[in-house]
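This report describes one protein chain. It goes from the overall fold to single residues.

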Amino acid sequence: MANASRVVLGLGGCVDYEVKLTADVLEQLVVNYGIAAAELTSPATVTSERDLVVSILGYVARGRGGEHFVASAPALETFAGRFPHRVALGGTSVRAGILMSRLDVPSTLHLVSVNDTVRRLLPPDGDYFSSGVEDTFYPHLIVQYDQGLRIRTGELDITAPFPNRLIYVNDPANGAMLLSGDLGNRLSKAGVFLISGFNAMRSAEQLDYRLAELRAHMRQLPPGAVTYFEDAAYHEPAFSRRVRDALLDAIDVYGLNEDELQSYLGHPVDLLSAGEVAAALTALHALIPVPTLVLHTKYWAIALGSRASDYADALDTGTVMAATRYCHGDDFTDEDVARLRRQPRRPESVAFAAALGSRMGDTVHCVPGFALDVRNPTTVGLGDTFVGGFLAALARNGTPRPATPRTPSIGRKADDR
């Protein structure tokens, strides 16, 4: 078993209320709130339960996923209370750590909020440290919906073209993202460091200060350590560029999903068109010039960079584990994983991978997704599970040495407010 101190996962975590949408409850809410079809445009600011329902319906109609800040914490509790819901741990780093534990790769988590639910549900073989000075509890609402979910009442008639998940948050702890003073010391022993969670911050001044602090801590990473950054939907969209500008030269692998890709490019991309994806990857790499880009989608996972093939096993492990979660949720067995590995890959994804390789050569490595037909899939946490599988493979197999050893420079001192 690997040493937990070799993998540090940050930067925040949370408690999730996981809800599966049902048509009857949504239809009643549409009637109660007098929601019209014309309102289901791009998500507006969510300040009430009515706004929350409008936002959810807009996403369901498009089959898209997303994440939003909600100004009203009671609206989250009220909505969750209308459905049977499951209490789980969330946050990319925490879900990745839970998956890694299942693969016998322990890790150390940096948390910003701890409570009895967190302590009860964390893997027993891992480790954590927290920047919080007292217990706090700010649950996130995680909304799942199935393909074919139909909401029909009055003039409104929408059907989900794909299954997906939505995240709604009112979380001061993750919004502040305090860093533990012990982070640098923990990083001094790490071979893998995951950065995630800045997307929940809402103050530009606080964000800049946290990024400077993080850069200072990262100076203690050993030579050869791999830093993996997982992107997300920013509650303040302009902050995405701020984070990239501050951290890009310190990131070895930059991961994101298809929603984030299309958001950056400003247009939809046919994920099974080798030509469109090649153009999208080229444009994305110009925007995010890191050594390796990792794009994970429902059809495939791709590494782009001069050493893309070094991450072949990591891509495959991430794809296998995300597909296992899609089919079985958290309650999967080793036999489930082994059985899934034997399943065929999507024929259209296999053809796409070959076509993309012909276009882009050794600068890409593409792992096709699996052909899955699941009546009640799990759509929450698939990207986080992919990250956990990817990092577990790096920790087990040894991390590819970065092409150029890089020591993060500090744009300004961490104590300069």
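**Overall fold**

The model is a predicted one. Its secondary structure amounts to 15 helices and 16 strands. The radius of gyration is 21 Å, close to the 22 Å that the globule rule gives for 417 residues, so the chain is as compact as a globular protein of that length. Along the principal axes, the C-alpha trace spans about 60 × 50 × 40 Å.

Buried residues make up 56% of the 417 in the chain. Among contacts with a separation of 6 or more, 77% are between residues 24 or more positions apart.

**Cysteines**

How many disulfides does the chain have? The count comes to zero, where a disulfide would need a pair of cysteine sulfur atoms within 2.5 Å. For Cys327, the closest cysteine sulfur is in Cys366, at 19 Å, which is too far for a bond. Cys14 is buried, and its relative accessible area is 10%.

**Backbone geometry**

Most residues other than glycine have a negative phi, and most peptide bonds are trans. Some places in this chain depart from that pattern. The peptide bond that joins Gly10 and Leu11 is cis, with omega about 20 degrees. Leu11 belongs to the loop between β1 (7-9) and β2 (14-20).

Asp104 has a phi near 60 degrees and sits in the loop between α4 and β5 (108-111). Met177 has a phi near 50 degrees and sits in the loop between α6 (172-176) and α7 (183-187). Are these two residues buried or exposed? Asp104 is partly exposed, at 48% relative accessibility. Met177, in contrast, has a relative accessible area of 0% and is buried, because the cut-off for a buried residue is under 20%.

**Helix residues**

Met100 lies in helix α4, which runs over residues 92-102. With a relative accessibility of 0%, Met100 counts as buried. Which residues does Met100 touch, apart from those up to four places away in sequence? They are Val7, Leu9, Val105, Gly388, Leu391 and Ala392. Val7 and Leu9 fall within the range given for strand β1 (7-9). Gly90 is ten residues from Met100 along the chain, and the two C-alpha atoms are separated by 14 Å.

Met218 is part of helix α8, residues 204-218. At 1% relative accessibility, Met218 counts as buried. Its C-alpha atom is 6.9 Å from that of Leu187, a residue 31 positions away along the chain. Leu187 falls within the range given for helix α7 (183-187).

Ala75 is found in helix α3, residues 73-80. This alanine is buried, with a relative accessible area of 4%. Not counting residues up to four places away in sequence, Ala75 touches Ser48, Glu49 and Leu52. Arg150 is 75 residues from Ala75 in sequence, and their C-alpha atoms are 23 Å apart in space.

**A proline in a loop**

Where does Pro163 lie? It is found in the loop between β9 (156-159) and β10 (164-169). Leaving aside neighbours within four places in sequence, Pro163 is in contact with Tyr145, Asp146, Gln147, Tyr326, Pro377 and Thr379. Gly148 is 15 residues from Pro163 in sequence.

**C-alpha distances**

| Pair | Separation in sequence | C-alpha distance |
|---|---|---|
| Met100 and Gly90 | ten residues | 14 Å |
| Pro163 and Gly148 | 15 residues | 8.0 Å |
| Met218 and Leu187 | 31 residues | 6.9 Å |
| Ala75 and Arg150 | 75 residues | 23 Å |

How values were computed
Residues numbered from 1 in each chain as written. Predicted model: local features only at pLDDT ≥ 70, side-chain atom pairs only at ≥ 80, totals over all residues. Heavy atoms only, no water. Helix = DSSP H or I, 4+ residues; strand = E, 2+ residues; numbered from the N terminus. Rg over C-alpha atoms; globule rule 2.2 N^0.38 Å. Buried < 20%, exposed > 50% of the residue type's maximum accessible area, 1.4 Å probe, protein only. Contact = heavy atoms within 4.5 Å.
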